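Subject: Structure for you to look at

Hello,

Here is the structure I promised. Please open it and keep it in view while you read.

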Amino acid sequence: MTEILESVNSTVFSVWFLIGAALVFFMQCGFAMVETGFTRAKNAGNIIMKNLMDFCIGTVVFSLLGFGLMMSQDYLFGLIGIPNLNMFTDFANFDWSSFVFQLVFCATAATIVSGAMAERTKFSAYCVYSGIISLVVYPIEAGWVWNTEGWLAKLGFVDFAGSTVIHMVGGISALIGATILGARIGKYGKNGKVNAIPGHSITLGALGVFVLWFGWYGFNGAAAENVGYLGRIFLTTTIAPAIATVTTMIFTWIKNGKPDVSMCLNASLAGLVGITSGCADLDAIGATIVGIVSGILIVVAVEFVDIKLKIDDPVGAFGVHGVNGMWGTIATGLFATGDGQNGITGLFYGNPAQLGIQLIGMVSIIGWTVVCMTIVFLVIKKTIGLRASKEDEMKGMDISEHGLVSAYADFMPIGVGTASLDESFDVEGSVPVTQAVPVQLAGKYDMASDGVKITKIDILLKQSRLEALKEEMDKLGITGMTVSQVLGCGAQKGKPEYYRGVAVESNLLPKMKVEIVVCKVPVKSVVDAAVKALYTGHIGDGKIFIYDVEDVVKVRTGETGYDAMQDIE
């Protein structure tokens, strides 16, 4: 019976191992959504394409060379594997599960770099360096840790799910790439001023974070040896990001006067990255400490890179993955309890040697990454070019790199669509051309053709007062109006707000614009009613503009003046 239970348990966890790999693959969706949401809409298609090609190009090069360099049984001096191409030459005996599992992790390391270099990188250059990361850079250093013959593995270095091997490497690569690439146009002024460039959709960014958090249970938990360890991993993987997010919320609330939404989203990821190394070896107290530190580190790191170093990282890739990857590596050497899956004990549980081993491994991998990625980015810059032209960047990478007018079809620029400009449409109740009154263009005239004075009234108001204004206009019998959302300011400027620690220019405030055209209703009555509805006595109540209208022409019938303004026929 015992043998049967052991066999069932082994089968179950073999299946879970592959389900975990599938969850990690699904994290590509999360990365794509976070990066898309934190950047501008004109680059959304380009970002989706890059995240897609991370995995597809990575699969090709990892199959040909990367997996062999990383996991080959023929391992030279604990440093590098000898590729044997067994997947192609001896497929029946090949370890399929191990390959798929290592592949999805490799793709994650490459995808991290995309966000830091978003909105100004040539797509061809991106494909090259993404491929090189999956081909050589990641496989070699990952083999040091996760191949049993690797020198760091033999030394006792522990990175259970990739704080160092994946996230730190991706974050450092992102920082190097962003530094060599340079900032987006308009990010930094000539006088050193830092300008906020908000992402176009916090909603997409939030969706991406939830997808990543969900996938992280497979990311950290797939290699669990039994149900007990799996439960422990799920617990620490939940506590750390939750604590990190709460910490960041409180920190930014105190610091900026309001909790920062995008920074809190980053904090969830920072906590996940921080716990990834020691998720199987820390307890709830350790996970809590990791979360608190990650929640503070993410704010400090993002603002330091952006404001002090003036390195443009739109999504905070280095802060989330690089800095917190380092912290997670160190935290394992500090808080490992000794009763986890790896059996290691950290400094605060009586074993200072483990912290030393963690630091050796971290510094070694940092050195490897810095040297390799600096060479890669500089060679690309000097050959095919790393950065898109100014014209392409201003237009957006969607149209310049992919011929995609907009990633959001319903919001394409006016004049772009599928309908032909010559196409005509039947309108219900149309008037025959023979009955239409010809439209004649006249010179400047003082009054409408029928002698009725027509006046246009533009009202700028607070969004909250729109319903009150509509009620007052309805009392006057005015039901026709055009309402639009606008941005603007008067002599005063709004209270400064912050986006990821950078003050956002608040001179453009959200307002509503209501346009009304009257002829029979006295203008003074409209103005008095509007003032009644809008007045609060505070700055920003709004303004009313009054214009004389020369004439009005109804397009369908050709009627003018007072008749053109009547919609009852």
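Predicted model: local features only at pLDDT ≥ 70, side-chain atom pairs only at ≥ 80, totals over all residues.

Numbering starts from 1 along each chain as its sequence is written, and side-chain values use heavy atoms, without hydrogens or water.

Start with the nonpolar cores (sets of buried Ala, Val, Leu, Ile, Met, Phe, Trp, Tyr and Cys residues joined through side-chain atoms within 4.5 Å). Buried means under 20% relative accessible area, with a 1.4 Å probe and protein chains only. The largest core has 105 residues. Phe105, Tyr129 and Phe377 are among those with the most contacts inside it. Helix H4 (residues 96-116) gives the largest share, twelve residues. Helices here are DSSP runs of H or I, at least four residues, numbered from the N terminus. Another core, of 17 residues, lies apart and includes Leu466 and Met512.

Now find Phe219 in helix H8 (residues 202-221). Phe219 counts as buried because its relative accessibility is 1%. Val24 is 195 residues away along the chain, yet the two C-alpha atoms are separated by 5.4 Å. Beyond four places in sequence, the contacts of Phe219 (heavy atoms within 4.5 Å) include Val24, Phe105 and Ile166.

Last, the helix pair. Met326 and Ile330 are among the H12 residues that meet H13. Leu355 and Met362 are among their H13 partners. By class, this contact has seven nonpolar, five polar and no charged residues. Nonpolar covers Ala, Val, Leu, Ile, Met, Phe, Trp, Tyr, Cys and Pro; charged covers Asp, Glu, Lys and Arg; the others, Gly among them, are polar.

Best wishes

Terms used
Buried < 20%, exposed > 50% of the residue type's maximum accessible area, 1.4 Å probe, protein only. Helix = DSSP H or I, 4+ residues; strand = E, 2+ residues; numbered from the N terminus.
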